[in-house]
Amino acid sequence: MLKIAYSDIFRYSVPDKHRFPMQKYTLIPERLLAEGTITTDNFFAPARLSEDEILTTHTQGYWQQLKTQTLPRKEARAIGFEMTPTLVERGRYIAHATYECALYAQQYGVAMNVAGGTHHAFADHGEGFCVFNDVCIASNLLLNRGQAQRILVVDLDVHQGNGNASIMANESRVFVFSMHGAKNYPFRKQVSDLDIELDNETGDEAYLRILKDTLPRLINEFAPDLIFYQSAVDVLATDKLGKLGLTIEGCKARDEYVLHQAKLAHIPIAIVMGGGYSEDIDDVVEAHCNTFRLAQQIYFEQTTD
């Protein structure tokens, strides 16, 4: 069964016309349920990160500032949401959901978080709509508990996962692959294990060619026993913050290729959503829903690889 992490806390209250489309966390499940792709049985309510789990990845100082709501105003502003206790709680549930998705992926082949992909959070600060780094926390928990040995992070958000790169810089058991816009946020990039920087308006054909030239080699050479996939839809041509020029069909083909590669290699894959900022929220929701549809189809409806 396709297990999907969802909680009402994922949708945080933001001002009207805020550039983060918070309503997608309601619209994605609603659309998937209405069309019959999934049922309510697919959803699970995630648990919350403990303090000890947070401190596997984030510094004591940063955690205390979040816990006591004493984060300096400049640092809170860099995160991009109003700093409240609810925002911190939200982050704890999102990050633990990603960890639980990894465990479900090991059981079923694939699992998905309706939220997640908070790859701009560093060990000692947050930025870019990210408070805690869910993939890094989940990776550290899996490694510390002997539940995974080698983890490949496939980050196809239009923005480099600078937090992932920084946190995992000295962790040889985690390979961070980020394919992103060269001329986009963050303008001061970190160094991932593999960064592929793309020109503006790369488009479907070139994007997919580069991905197909890269991903099988990484899987073969690094030999992961788990993949975290950041399936962001800010690669779309309609995206306000991205400039790569992909169509919804090209974005779908990207997801299909990543999922097929994981399945063919028999590697569990846990999927987080990442960004998506198209003017029309329907473009964001439809592109995200395609990822869920493909996971359901490839893993639970097809009888052969």
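Helices (H or I, at least four residues) and strands (E, at least two) are DSSP runs, numbered from the N terminus. The model is predicted: local features need pLDDT of at least 70, side-chain atom pairs count only at pLDDT 80 or more, and totals for chains, interfaces and linings use all residues. Residues are numbered from 1 along each chain as its sequence is written, and side-chain values use heavy atoms, with hydrogens and water left out.

**View 1. Lining of the largest cavity.** Helix α5 (residues 85-108) gives the largest share of this lining, four residues. By class, the lining holds nine nonpolar, 11 polar and three charged residues. Nonpolar here covers Ala, Val, Leu, Ile, Met, Phe, Trp, Tyr, Cys and Pro; Asp, Glu, Lys and Arg are charged; the others, Gly among them, are polar.

**View 2. Centre of the largest cavity.** The space amounts to about 210 Å³. Of its 23 lining residues, Phe20, Gly117, Thr118, Phe129 and Cys130 are the closest to the centre. A cavity is a set of points on a 1 Å grid over the protein atoms alone where a 1.4 Å probe fits but cannot get out; lining residues have an atom within 4 Å of a point. Points are joined across faces, edges and corners, and the volume is the space filled by probe spheres set on them.

**View 3. Surroundings of Phe177.** Phe177 touches Leu152, Val153, Val154, Asp155, Leu156, Leu194, Ile196, Leu211, Thr214 and Leu218, not counting residues up to four places away in sequence. Contact means heavy atoms within 4.5 Å.

**View 4. The fold around these sites.** The chain has 10 helices and eight strands. Its C-alpha atoms fill a box of roughly 50 × 45 × 40 Å, taken along the principal axes.

How values were computed:
1 Å grid on protein atoms, 1.4 Å probe; cavity = no way out; pocket = protein on both sides within 12 Å on 5 of 7 lines; lining within 4 Å.
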